[in-house]
Structure formats: C-alpha cells, structure tokens
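Could you walk me through how to read the features of a model like this one? I'd like the general idea first, then the case at hand.

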Amino acid sequence: MGSTWGNKFKISIFGESHGNGIGAVIDGLPAGIAINPEHIQHELNRRAARGNPLATPRKEGDQIEILSGVFNGKTTGAPLAGLIRNENTRSGDYAKTKDLMRPGHADYTSNIRYGGFQDYRGGGHFSGRLTAPLVFAGAIAKEILRAISPQMEIGSRIVAIADVKDKAINDWRVYCHLKNDFINPAFPLYDAKLEVAMKAAIISAMEDEDSVGGIVEGFITGSLPGIGNPFFESIESRLAALLFSIPAVKGVTFGAGFETASKRGSEVNDALRMRDGKIETVTNNNGGINGGISNGMPIVFQVAFKPTPSIGKEQQTINIAALKDATLKIEGRHDPCIVVRAFPVVEAVTAICMADFLLR
C-alpha cells in the first residue's frame, strides 16, 4: 500500500478502523522543536465525533500516545511515533458485508487489489478513521511551522453542504483575519446565519436514511513568496496529492478554479502593484500561486467531499463470493455528512505539505 508520503517531513500512517489502533510515524524532523501535547490533542478533538449530534454515534477517545521522538517536551530528531488506540469498535456490524460490496466504498476495488486479504471491517485501512493519524501528523507539522515560519497561519471554512452555499470571498484581505472571525469555530462559516440551513440539510438526509456532501475551503496566510518548484514539486501538485488522499475527496481547485475556464485573461490575471513598499496583487484569482510557486498572497483552495457512502437506504450490489446480484441495507454507525469533521483534516494535510516544503 502507499501509506507513506514526504520528502523531508516524511509520514507513514498505519492501522485499521476496527483493529487495535491507528497512528503515524514521522521522520525527518529537526531536533529541539517544542511539542505541546495540549495543541496536539486540541487538533484531534476538533476532528472527533464526541459531542457532535450530526456525526457518527461511534465515540472514540482519540487520545494520542507519543511513543518516541520527543524527550523533555522537544523533538529529538529521531522518528516520532504516535498511537491512538481504538476503543469503541463494533466489528460485528460488518460481518454481513464481508462478501456484500458496499456501493461507493472501496470494498470491491480493495478486494480485487489485495485478493480479499484486506481488513473489511469498517473499511479497514481505507476508513475515514485513518484521518485521525493525519490530524496528529498535521498537529506536529503546525508545531514545526510555528517554530520556523511563525507568520504563517492555516485555516479553513465550510463553503457548502448539499445545496446550501456560503458567500464567495472576493477580497483576499478577508482571509488575513477570517480565522479569528468565525462566530462558531466548530462550524466555520463566513456567513454564520447559514449554519441553521446547513444543519437542516444534514438532518433531512439523516431522516431519509441518506447522506450529503459539501465543500471545504482551505487557506494559508502569511506565506512568503517563493515557496514551491515546477513542475512536479509545485504547491498545487504536492498539496493536491495530499488532499486527494483524504477519503471521500472528489475535487480540488485553487483560486477561482474551474470558473477561470470561461473567462478571459484580462479577467483572470492578477494585476501587480506596490502597496506600502510591498508587492501584492489586486485580485487573487490564481489562489496565491503562479508557476507552482507562492506569490505572497493568501493561498486559497477548495475541496469537494462526496456524500458519505454508508447510507441506510437499501442499495443494489453484488455478493462477490457467490458472484450474484444482491441488495444491501447498511447498518452500523456512520456520519451523515463528513464535511463537519473534515475541515480540520484539510488543515492538517496543508500543514504537512508546507512543513515538507519549508524543512528543505
């Protein structure tokens, strides 16, 4: 499997949804970086389902155990390993899906790829639960960035859930203070009044034994110009690779994204100007990146999440052992909309990407 990533900030994630535990090993860290356990646990708590009535009933403690690489509160330079033990498994829920391939999940493709030897319980290594180690690694990356690039800030907001969409942000300066302006940081919106409508869309899907998707917008402020390299080491290519590694991500765009395809160059080009002795662009249609390299403007990107594939409605499928058509009604505990827990994951992989660039 390809569960290792990075040139300098090298991460390997391990574990399965219903195994003994999940975690990450991070190599390439400089020695002497302060690691605050409260910061790490705070990030994991942002992703967790605890206390969220719109999330899966599976409530995991997600307490991180740092096994190595930290001594007296600082990195040692040795590989840093973190373990999260699974505590609230109900593997019996998945007994009948051993041979019934769940539509929209990786059941069929993983069965073909790994000859049926993969752990099928709750999606095994393909599960969204593996985003917890990503958040752990992202929290370590944020500690690194805090030490080597203290002006850099990484944030995110929910842009859409189902057909309820937040306002577009046309003035790039808004991103410079947006992170501190969210009325409800647990449900970050530019227009906070939309929270009720977005939650109603999720509840409506739950009542129909269905699910909904949405869009998360990530942003980086305080990024110095000159980060990234053409062609395969561009910010877009490296960050997109990580974003597409998050389960359920089906689309990634930077800046004005697909909207640029129907416009003229005069509408998309970001004019340059001097302001208070600094170089900036008037607009930010290119999302803070030109030629794969940061230009000093906020780096802005959007990430589309598909509806959670586990739904209560009866679906058509196959029994792969009998090679016959079948029907399936998924039981167990699932998120009706992954977006409400995904934005910390988007921030985490963004931090991993930027740490990998800046540690070079």
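Predicted model: local features only at pLDDT ≥ 70, side-chain atom pairs only at ≥ 80, totals over all residues.

Q: Let's take D166. Where does D166 lie, and is D166 buried or exposed?
A: Helices (H or I, at least four residues) and strands (E, at least two) are DSSP runs, numbered from the N terminus. D166 sits in the loop between β9 (164-165) and α4 (175-181). For burial, look at relative accessible area with a 1.4 Å probe, protein chains only: under 20% is buried, over 50% is exposed, and in between is partly exposed. D166 comes out at 8%, so D166 is buried.

Q: Which side chain does the side chain of D166 make a polar contact with?
A: A polar contact is a pair of N or O atoms within 3.5 Å; within protein, one must be able to donate a hydrogen and the other to accept it, and residues adjacent in sequence count only if both atoms are side-chain atoms. Here the partner is the side chain of R157, at 3.3 Å. Plain contact asks for heavy atoms within 4.5 Å. Leaving out residues up to four places away in sequence, D166 touches several residues, among them I158, Y190 and M198.

Q: What about S310: which side chains are joined to that of S310 by polar contacts?
A: Two histidines turn up: H105 at 2.7 Å and H334 at 3.4 Å. S310 is in the loop between β16 (299-305) and β17 (315-319), and S310 is buried because its relative accessible area is 6%. Beyond four places in sequence, S310 also touches R102 and I330.

Q: Where does UniProt place the feature "binding site"?
A: UniProt positions are given in the numbering used here, feature names are shortened, and annotations may be inferred rather than shown by experiment. The record, an unreviewed entry, puts that feature at R47. In the model, R47 is part of helix α1 (residues 37-47). R47 has 4% relative accessibility, so R47 counts as buried. Apart from neighbours within four places in sequence, the residues in contact with R47 include D62, R129 and R341.

Q: On to strands. Which strands pair with β7?
A: Two strands pair if DSSP finds at least two bridges between them. Strand β3 (residues 21-27) runs antiparallel to β7, with six bridges, and I22 stands opposite I84. Strand β4 (residues 64-68) is also antiparallel to β7, over four bridges, and I66 faces G82 across that pairing.

Q: How many residues of β7 are buried?
A: In a regular strand, side chains alternate between the two faces of the sheet. Five of the six residues in β7 (residues 80-85) are buried, leaving the strand mostly covered.

Q: Last one: how many disulfides are there?
A: A disulfide is a pair of cysteine sulfur atoms within 2.5 Å. By that rule the count is zero. C176 is in no disulfide, and its nearest cysteine sulfur is that of C353. C176 is partly exposed at 47% relative accessible area, whereas C353 is buried at 1%.

Methods. Residues numbered from 1 in each chain as written. Heavy atoms only, no water.
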